[in-house]
Each structure stands twice: as structure tokens, then as C-alpha cells.
Amino acid sequence: MQLTDRNIDDINLIADWLALNQLSHQPDADADLLILAGHAVLPNIEGAVALAKTSGMPLLISGGFGHSTPLLAGAMAAHPLYRHLIYPGKKRGADAGSDCANLCRSAG
């Protein structure tokens, strides 16, 4: 797939909107549970783990093997902190995401 400059601009616009942090201005999250739906954006995973850790909120990681699993594995394999978590036999994105979240939680 060949992306045009306009495609790239559109993708970046959507990514900026999706990355909008609406919780940074709210000192106390008023929720009983934080749900992290499976995806491949490591900064979002790290942010969800940090929020759960600082708020004491339980974190539920959902997912299975889906369209984001190979992307998550690739992002983790390229990251110096997470690359050792990818190993043969890792079948579900939720497993990789859970490993990543556990490492984030213990690191901070």
C-alpha cells in the first residue's frame, strides 16, 4: 500500500485525536475499574497501567488473538524494555499485553 502525503496527514490527525489525554487534568478518576482493550499502542498500555497504579483502580486487560496481535508483538520486539517478553508460543495479544503491563507496573 502506497500512502500519499494526504493519507499520512489524515492518519496523523486521527492519531493526535486518539492520543488526547483527557484524564491528566482530573486528579481523581471516578471509576471502579479500568478496562484496557487489546491493541498495539505501547504508550497507551503504559498510560493505562500508570493510571491504574496511581489510582489503585483494578486493571482488566481484555483481548485474544486478533488484528492487533502481530502489531503488538512487533512493537514489543522493537522496544528495549519489552523485547524479552516476546517468545515462541505466545498465542494471544492479551498474554503479551499482560506481560507488558506487569513489567510497566513493576518498573515504576
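# Close-up views of a predicted model

**View 1. Helix α1 is hardly covered.** Helix α1 holds 14 residues, and from its first C-alpha to its last it reaches 20 Å. That is close to the 20 Å expected at 1.5 Å a residue. The model shown here is predicted. Among the 14 residues of α1, the count of buried ones is 0.

**View 2. Arginine 6 and aspartate 10 form a salt bridge.** Both residues lie in helix α1. They sit 4 residues apart, about one turn of the helix. Side chains of opposite charge can pair when their charged atoms come close. Arginine 6 is exposed, since its relative accessible area is 63%. Aspartate 10 has 34% relative accessibility, so aspartate 10 counts as partly exposed. A search of the whole structure finds 1 salt bridge.

**View 3. Four residues make a nonpolar surface patch.** The residues are Met1, Leu3, Ile8 and Ile11. Their patch covers about 440 Å². Methionine 1 is placed in the segment before α1, which spans residues 5-18. Methionine 1 counts as exposed because its relative accessibility is 93%, and exposed means over 50%.

**View 4. The largest nonpolar core has 16 residues.** Leu42, Ile45, Leu72, Met76, Tyr82 and Cys100 touch the most other members. Four elements each supply at least two residues of this core: β1 (34-37), α2 (42-55), α3 (69-78) and α4 (93-107). Helix α2 gives the largest share, 5 residues. In soluble globular proteins, nonpolar side chains tend to be buried together.

**View 5. Leucine 42 and the residues it touches.** Leaving out residues up to four places away in sequence, leucine 42 touches Leu72, Ala75, Met76, His79, Tyr82 and Cys100. Leucine 42 is also one of the core residues that touch the most other members.

**View 6. Serine 68 lies in a loop.** The loop runs between β2 (59-62) and α3. Is serine 68 buried or exposed? Serine 68 counts as buried, because its relative accessibility is 13% and buried means under 20%. Setting aside residues up to four places away in sequence, serine 68 touches His39 and Ala40. Glycine 38 is 30 residues from serine 68 along the chain. The C-alpha atoms of glycine 38 and serine 68 are separated by 7.3 Å.

**View 7. The protein has 4 helices and 2 strands.** From the N terminus on, the elements run α-β-α-β-α-α. Of the 108 residues in the protein, 22% are buried. Among contacts between residues at least 6 apart in sequence, 63% join residues at least 24 apart.

Notes:
Residues numbered from 1 in each chain as written. Predicted model: local features only at pLDDT ≥ 70, side-chain atom pairs only at ≥ 80, totals over all residues. Heavy atoms only, no water. Patch = residues over 30% accessible without salt bridge, like charges linked within 9 Å, V, L, I, M, F, W, Y side chains within 5 Å. Areas by Shrake-Rupley, 256 points an atom, 1.4 Å probe, with all protein chains shown as cover. Salt bridge = Lys/Arg side-chain N within 4 Å of Asp/Glu carboxyl O. Buried < 20%, exposed > 50% of the residue type's maximum accessible area, 1.4 Å probe, protein only. Core = buried A, V, L, I, M, F, W, Y, C linked by side-chain atoms within 4.5 Å. Contact = heavy atoms within 4.5 Å. Expected span 1.5 Å × (residues − 1).
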